[in-house]
Amino acid sequence: MKTELTISIDAIDEAALVKRREMGDGMGAVVCFSGVVRGREGDTSITAIDYEAHEEMACHQFRLIFDAIEQRWPVDSVRVVHRLGLVPVNEPSLWVEVTAPHRAEAFAACQFLIEEMKQKVPIWKKPLPA
Amino acid sequence: MIIAVQFWSYFADFAGCNKTEIEIENGTTLAKLHERVCEQFPKLAEAKNSTLKAVGLNYQDDDFVLCDGDEVSFFPPVQGG
């Protein structure tokens, strides 16, 4: 399974990521997910979220999740981008792409990755009130 | 032996620093170190039950026995995405 992980303060360029997509023969499904900063956090209006990570551990934990995906589903590739630092409202903080032979495993692996990330990958957010 | 301890996210604010060193005896578990940390930084005790603990780059259970050179991280629940 091919994997690509980027944790960066740079804005996520979804168009460029899609343009670089390489589909293996026999792959019939691509699932992409963008996690976008909402304008509200609970009852509070916000302008941005400031993301912080224990980067070395975050990379390691993502790799463990990739390994788990490879063992469970016939996925061809996983790409993940997580942004750090200030991410304004309406901009993506997370981008995930899974390619697989069929949609069922692509959706399942994408959902699994995000759920596991939210439990294990040491990234934290600090909302900035409007 | 000396254990390097790091605090992440708002735990660094609670502790007033993002890292420290704590001297422990051989055979000290992660849970015991956590108790020591909470004694030294009382505000962290308020979040004791929700604290996540890692040694190096991996999560470890409370009964993990620490070794010389281990680097321990304490942090709140993660919030990626």
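In this predicted model, 11 residues of chain B are in contact with 18 residues of chain A, two residues being in contact if their C-beta atoms, placed from the backbone, lie within 7 Å. On the side of chain B that touches chain A, the residues divide into six nonpolar, five polar and no charged; here Ala, Val, Leu, Ile, Met, Phe, Trp, Tyr, Cys and Pro count as nonpolar, Asp, Glu, Lys and Arg as charged, and the others, Gly among them, as polar. Because this is a predicted model, local features need pLDDT of at least 70 and side-chain atom pairs count only at pLDDT 80 or more, while totals for chains, interfaces and linings use all residues. Residues are numbered from 1 along each chain as its sequence is written, and chains are lettered from A and ligands numbered from 1 in the order in which they are written.

**Chain B as a whole**

- Chain B has three helices and five strands, where helices (H or I, at least four residues) and strands (E, at least two) are DSSP runs numbered from the N terminus.
- Along the sequence, these elements of chain B follow the pattern β-α-β-α-α-β-β-β.
- The radius of gyration of chain B is 12 Å, close to the 12 Å that the globule rule gives for 81 residues, so chain B is as compact as a globular protein of that length; the radius is taken over C-alpha atoms, and the rule is 2.2 Å times the number of residues to the power 0.38.
- Taken along the principal axes, the C-alpha atoms of chain B fill a box of roughly 35 × 25 × 20 Å.
- Of the 81 residues in chain B, 22% are buried, a residue being buried if 20 or more other C-beta atoms lie within 10 Å of its own, exposed if 12 or fewer, and partly exposed in between, with C-beta atoms placed from the backbone.
- Among contacts in chain B between residues at least 6 apart in sequence, 53% join residues at least 24 apart.

**The sheet of chain B**

- Five strands of chain B form an open sheet in the order 2-1-5-3-4, with mixed pairing; two strands pair if DSSP finds at least two bridges between them.
- Strand 2 (19-23) and strand 4 (58-59) of chain B stand at the edges with a single partner strand each, so one side of each is left without a neighbour in the sheet.
- Strand 1 (residues 2-7) and strand 5 (residues 71-75) of chain B run parallel and are joined by four bridges, and B:Ala4 has B:Glu71 in strand 5 as its bridge partner.
- B:Gln6, found in strand 1 of chain B, is partly exposed, with 19 other C-beta atoms within 10 Å.
- Leaving aside neighbours within four places in sequence, B:Gln6 is in contact with B:Asn18, B:Lys19, B:Glu71 and B:Ser73.

**The sheet of chain A**

- In chain A, an open sheet of four strands has the order 1-5-7-2, and its pairing is mixed.
- Strand 1 (2-8) and strand 2 (29-36) of chain A stand at the edges, each with a single partner strand, so one side of each is left without a neighbour in the sheet.
- Strand 1 and strand 5 (residues 77-83) of chain A pair in the parallel sense over seven bridges, with A:Lys2 partnered by A:Ser77 and A:Ser8 by A:Arg83.
- Strand 5 and strand 7 of chain A run antiparallel and are joined by six bridges, and A:Arg79 stands opposite A:Glu97 in strand 7.
- Strand 5 of chain A is mostly covered, five of its seven residues being buried.

**Helices of chain A**

- Helix 3 (residues 103-120) of chain A lies across strand 2, strand 5 and strand 7 (92-100) of chain A, running at about 145° to strand 7; axes are lines fitted to C-alpha atoms, for helices over the stretch in contact, and angles run from 0 to 180 degrees between N-to-C directions.
- Helix 2 of chain A and helix 3 of chain A pack at an angle of about 150°, with their axes 10 Å apart.
- In this contact, A:Gln61, A:Ile65 and A:Ile69 of helix 2 meet A:Ala109, A:Phe112, A:Leu113, A:Glu116, A:Met117 and A:Lys120 of helix 3.
- By class, the contact of helix 2 with helix 3 of chain A has six nonpolar, one polar and two charged residues.
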